[in-house]
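Visitor: I would like to learn how to read the features of a model like this one, a topic at a time. Could we begin once the sequence and structure are in view?

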Amino acid sequence: MKQLNELKWKAFNLCDIFSISAGVRLTKSDMIEGARPFIGATDSNNGITAFVSDSNPSLDKNVLGVNYNGSVVENFYHPYECIFSDDVKRLHLLHHEDNKYVLLFMKSVILKQKVKYQYGYKFNGERMRKQKIMLPIDETGQPDYCFMEEYMKMIENRLLSYYQAYLNNI
């Protein structure tokens, strides 16, 4: 497998790679305690700020949740069913099936943009749509989703081997 520095890369607007959908406002006073994760604009706990039994049109799973308020640009992969705050956008791939590995690759690529956004320069919906991200490309100049998936599987296997070796030694 090629290393990242051996690949050709190209800039893409987020809106050309993802469908971007809004979350829905749910105030603390309206929340009903339950087992469904509620994703808010935080930088910890995989974005989970509460567990609710509420449901709304933001109900989703196998999705990347990206904060555009609060802890801006922080983003998390959600394989489980959850609902999203109006401070978090939901991203689904437009031209490839959503899967854990590609979305985790995208997570780290998107997170590289965090330094750009501060209090005075918000990561609003329009800036999110126009935000450019660098992606590895295939021979046709399109995002190389196969590489992204295989690369993240390699990283996962490397970490699992490391942890297994550690467990075998204790």
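Guide: A residue is called buried under 20% relative accessible area, exposed over 50% and partly exposed in between, with a 1.4 Å probe and protein chains only. By that reading N45 is exposed, with a relative accessible area of 59%. This is a predicted model, in which local features need pLDDT of at least 70 and side-chain atom pairs count only at pLDDT 80 or more, while totals for chains, interfaces and linings use all residues. Residues are numbered from 1 along each chain as its sequence is written, and side-chain values use heavy atoms, with hydrogens and water left out.

Visitor: How many salt bridges are counted, and what is the general idea behind them?

Guide: Side chains of opposite charge can pair when their charged atoms come close. The rule asks for a side-chain nitrogen of Lys or Arg within 4 Å of a carboxyl oxygen of Asp or Glu, and the count comes to eight salt bridges. One of them joins R25 and D86, whose closest N and O atoms are 2.9 Å apart. R25 lies in the loop between strand 2 (18-22) and strand 3 (33-39), and D86 in the loop between strand 7 (83-84) and strand 8 (88-93), so the pair ties together parts that are 61 residues apart in sequence.

Visitor: Are R25 and D86 buried or exposed?

Guide: R25 is exposed, at 60% relative accessible area, whereas D86 counts as buried, at 19%.

Visitor: Which parts does the salt bridge between E81 and R36 tie together?

Guide: The side chains of E81 and R36 meet at 2.9 Å, N to O. E81 lies in the loop between strand 6 (75-78) and strand 7, and R36 in strand 3, so this pair links parts that are 45 residues apart in sequence. E81 counts as partly exposed, at 39% relative accessibility.

Visitor: What separates E126 and K130 within helix 3?

Guide: E126 and K130 form a salt bridge (3.6 Å, N to O), and because they are four residues apart in helix 3 (residues 125-130), about one helical turn separates them. E126 is partly exposed at 43%, while K130 counts as exposed at 53%. Elsewhere, salt bridges that share partners join E149, E150 and K153 into one network.

Visitor: Which residues line the largest pocket?

Guide: A pocket is an open set of points on a 1 Å grid over the protein atoms alone, where a 1.4 Å probe fits, with protein on both sides within 12 Å along at least five of seven lines; lining residues have an atom within 4 Å of a point. Here the lining consists of K2, E6, L7, K8, P136, I137, D138, E139 and D144.

Conventions
Helices (H or I, at least four residues) and strands (E, at least two) are DSSP runs, numbered from the N terminus.
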